Amino acid sequence: MKKHIGWAVLMGSLALAQGSMGQTSQAKGPVKVVLKAIKTEKNPAGTVTFYDDTNTTGVLHTVEQVIYPFFPPVRGMHFPVWANCGIYLKTIDPRLVVHSMEHGALWVTYKSTTTAAQLSFLQGLVKASPAYRIMSMENRQTADVVLTAWGVQLVVNTWDEKAIKAFADQYTNGSTTPEQGAPCSGGLTP
C-alpha cells in the first residue's frame, strides 16, 4: 500500500512541477501515439525499422494512459519520470521506458519463450553498458527478442549475436536520441 501511495505522490508532484514548465500534456484520458515507419534496413538478425511520431505536438510528458500502436513502443508520449536502467525479469510500464529511451537508453525486451542461452547473452549485453541499457520481459511483442532505441527498432528473427551487439552499440545513446547524455538513473526502479 505504501508503494502505491508513494508512486501516486511522486507522479502527482512531477506532473504539477512539469505542468508549470509547460512540458506536460493537459489532456485528460488516454493519449494515442501514432507512428509511421519511415525507413527499413536489413540486418543479419532481422529487420531494422525507423519510426516517426506523426501526432506529436512537442509535448511528450503525460500522466495519463498511453495507447501505443505496438509493443515495445519506440517513441511518443510517456511519463514525466524515467525507469532506471538495469535488468528486470518482469514486464514494466512502457511509459517509463520510453522516457529512458528519450535519454539514450536501449531497451532489450524478450518473451517468456526466449531460451536460457539467449537470455544470458542479452543480460551480458545490458551489463556491458549498464548506464544506458534496460532489459525487461514483454510478451505482447511478436518476436522472442526485440531491441529498441528512440525511433528505431530491431525485431530479431534470426539469432545473430554479432549483429545484435552491433545494433546495441550503434543505438545505445546514439544518433536517434533526442536528449543524448541525460541520465538513465535517478528515476524509478519499476
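**Salt bridges and beyond**

Modeller: Arg133, Lys165 and Asp169 are linked in a network of salt bridges. Keep in mind that this is a predicted model.

Biologist: How many salt bridges does the structure hold?

Modeller: The structure holds 6.

Biologist: What lets side chains pair like that?

Modeller: Opposite charge. Such side chains can pair when their charged atoms come close.

Biologist: Which residue does aspartate 52 form a salt bridge with?

Modeller: Arginine 75. The closest N and O atoms are 3.7 Å apart. The cut-off is 4 Å, so the pair counts.

Biologist: Where do aspartate 52 and arginine 75 lie?

Modeller: Aspartate 52 is in strand β3, residues 46–53. Arginine 75 is in the loop between β4 (66–67) and β5 (86–87). The pair therefore ties together parts that are 23 residues apart in sequence.

Biologist: Is arginine 75 buried or exposed?

Modeller: Buried, at 17% relative accessibility. Aspartate 52 is partly exposed, with a relative accessible area of 35%.

Biologist: And arginine 95, which side chain does that one meet in a salt bridge?

Modeller: The side chain of aspartate 93, at 2.6 Å from N to O. Arginine 95 is buried, with a relative accessible area of 17%. Aspartate 93 counts as partly exposed, at 23%.

Biologist: What about lysine 39, what's its salt bridge?

Modeller: Lysine 39 pairs with glutamate 41, and the closest N and O atoms are 3.3 Å apart. Lysine 39 is partly exposed at 41% relative accessibility. Glutamate 41 is partly exposed too, at 34%.

Biologist: Back to β3. How many of its residues are buried?

Modeller: 6 of the 8. So β3 is largely enclosed by the rest of the structure.

Biologist: How does strand β2 pair with β3?

Modeller: In the antiparallel sense, over 8 bridges. Strand β2 covers residues 35–43. The two form a hairpin with 2 residues between them.

Biologist: Which residue in β3 is the bridge partner of lysine 36?

Modeller: Aspartate 52. That is the residue that forms the salt bridge with arginine 75.

Biologist: How many bridges join β3 to strand β9?

Modeller: 5, and β3 and β9 run antiparallel. Strand β9 covers residues 152–156. Threonine 49 stands opposite glutamine 153 in β9.

Biologist: Where do side chains point along a strand, in general?

Modeller: In a regular strand they alternate between the two faces of the sheet.

Biologist: New topic: disulfides. How many does the structure hold?

Modeller: The structure holds 1. It joins cysteine 85 to cysteine 184, with 1.8 Å from S to S.

Biologist: Which parts does the pair of cysteine 85 and cysteine 184 tie together?

Modeller: Cysteine 85 lies in the loop between β4 and β5. Cysteine 184 lies in the segment after α4, the helix at 161–171. So the pair ties together parts that are 99 residues apart in sequence.

Biologist: Is that disulfide right-handed or left-handed?

Modeller: The torsion about the S-S bond is about 75°, so the disulfide is right-handed.

Biologist: Are cysteine 85 and cysteine 184 buried or exposed?

Modeller: Cysteine 85 is buried, with a relative accessible area of 15%. Cysteine 184 is buried, at 4%.

Biologist: And serine 185, where is that found?

Modeller: In the segment after α4. Serine 185 is partly exposed, with a relative accessible area of 47%. Serine 185 and cysteine 85 are 100 residues apart in sequence, and 6.3 Å apart in space, C-alpha to C-alpha.

Biologist: What is serine 185 in contact with, leaving aside its neighbours within four places in sequence?

Modeller: Trp82 and Asn84.

Biologist: Zoom out. How many helices and strands are there in the protein?

Modeller: 4 helices and 9 strands. Along the sequence the pattern reads α-β-β-β-β-β-α-β-α-β-β-β-α.

Biologist: And what percentage of the residues count as buried?

Modeller: 49% of the 190 residues. The accessible surface is about 9000 Å², and 57% of that belongs to carbon and sulfur atoms.

Biologist: Last one. Among contacts between residues at least 6 apart in sequence, what share joins residues at least 24 apart?

Modeller: 68% of them.

Terms used: Residues numbered from 1 in each chain as written. Predicted model: local features only at pLDDT ≥ 70, side-chain atom pairs only at ≥ 80, totals over all residues. Heavy atoms only, no water. Buried < 20%, exposed > 50% of the residue type's maximum accessible area, 1.4 Å probe, protein only. Contact = heavy atoms within 4.5 Å. Areas by Shrake-Rupley, 256 points an atom, 1.4 Å probe, with all protein chains shown as cover. Disulfide = S-S within 2.5 Å. Pairing = 2+ DSSP bridges.
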